[in-house]
Amino acid sequence: QVQLVESGGGLVQAGGSLRLSCAASGGIFRIYQMGWYRQAPGKQRELVAKNTSGGSTNYGDSVKGRFTLSRDNAKNTVNLQMNNLRPEDTAVYYCYAFIRTIGTPAVNGYWGQGTQVTVSS
């Protein structure tokens, strides 16, 4: 059973930094894509950053230049370093991954449980 476990959320003042981590486990054959989305109250879930197995990384426009995604394929982890945080970054951050599990050719999407990030002004 695939699990994505997130950590690192919390409360920080504007201008501060946080680092989110996500570890995938459970019968993984290969991870094709890993990244983060976020959802603020009353808003749609939006892309924060994603990294493909080919190594390319894409960022949402609102976080470019402030957030950095790093991925460790050997450990099945992805980290999100968030600098110069703003109140509008306040949201629940969700880790996601497209994973092929052992014993099947299918690739399925998985989500973590979410971690709250709150940025005070």
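User: Which residues form one aromatic cluster in this structure?

Analyst: Tyr37, Tyr94, Tyr96, Phe98 and Trp111 together make up one aromatic cluster. Please keep in mind that this is a predicted model.

User: How is a pair of aromatic rings described?

Analyst: Two quantities are used: the distance between the ring centres and the angle between the ring planes. The structure contains 5 aromatic pairs. In one of them, the ring centres of Tyr37 and Tyr96 are 5.3 Å apart and the planes stand at 75°; an angle over 60 degrees counts as edge-to-face, so this pair belongs to that class.

User: Where do Tyr37 and Tyr96 lie, and what does their pair tie together?

Analyst: Tyr37 belongs to strand β4 (residues 28-39), while Tyr96 belongs to strand β9 (residues 91-101). The pair therefore ties together parts that are 59 residues apart in sequence.

User: Is Tyr96 buried or exposed?

Analyst: Tyr96 has a relative accessibility of 4%, so it counts as buried. Tyr37, with 24% relative accessibility, counts as partly exposed.

User: How are the rings of Tyr37 and Trp111 arranged?

Analyst: Their centres are 5.6 Å apart and their planes are at 70°, so this pair is edge-to-face. Because Tyr37 lies in β4 and Trp111 in strand β10 (residues 107-111), the pair ties together parts that are 74 residues apart in sequence. Trp111 is partly exposed, at a relative accessible area of 44%.

User: What do nonpolar side chains tend to do in soluble globular proteins?

Analyst: In such proteins, nonpolar side chains tend to be buried together. Here the largest nonpolar core has 28 residues, of which Trp36, Leu80, Met82 and Tyr93 touch the most other members. At least two core residues come from each of β3 (18-25), β4, β5 (46-52), β7 (67-72), β8 (77-82), β9 and β11 (115-120). The largest share, 5 residues, is supplied by β9.

User: How do strands of a sheet pair?

Analyst: Strands of a sheet pair through backbone hydrogen bonds, in either a parallel or an antiparallel manner. This structure has an open sheet of 4 strands in the order β1-β3-β8-β7, and the pairing is antiparallel. The edge strands, β1 (3-7) and β7, each pair on one side only. From one strand to the next, the twist averages 15°.

User: How many bridges join β1 to β3?

Analyst: These antiparallel strands are joined by 5 bridges. To locate this pairing in the structure, one may look for Val5, which stands opposite Ala23 in β3.

Definitions and conventions. Residues numbered from 1 in each chain as written. Predicted model: local features only at pLDDT ≥ 70, side-chain atom pairs only at ≥ 80, totals over all residues. Heavy atoms only, no water. Phe/Tyr/Trp six-rings, centres within 6.5 Å; stacked < 30°, edge-to-face > 60°. Buried < 20%, exposed > 50% of the residue type's maximum accessible area, 1.4 Å probe, protein only. Core = buried A, V, L, I, M, F, W, Y, C linked by side-chain atoms within 4.5 Å. Pairing = 2+ DSSP bridges. Axes fitted to C-alpha atoms, helices over the stretch in contact; angles between N-to-C directions.
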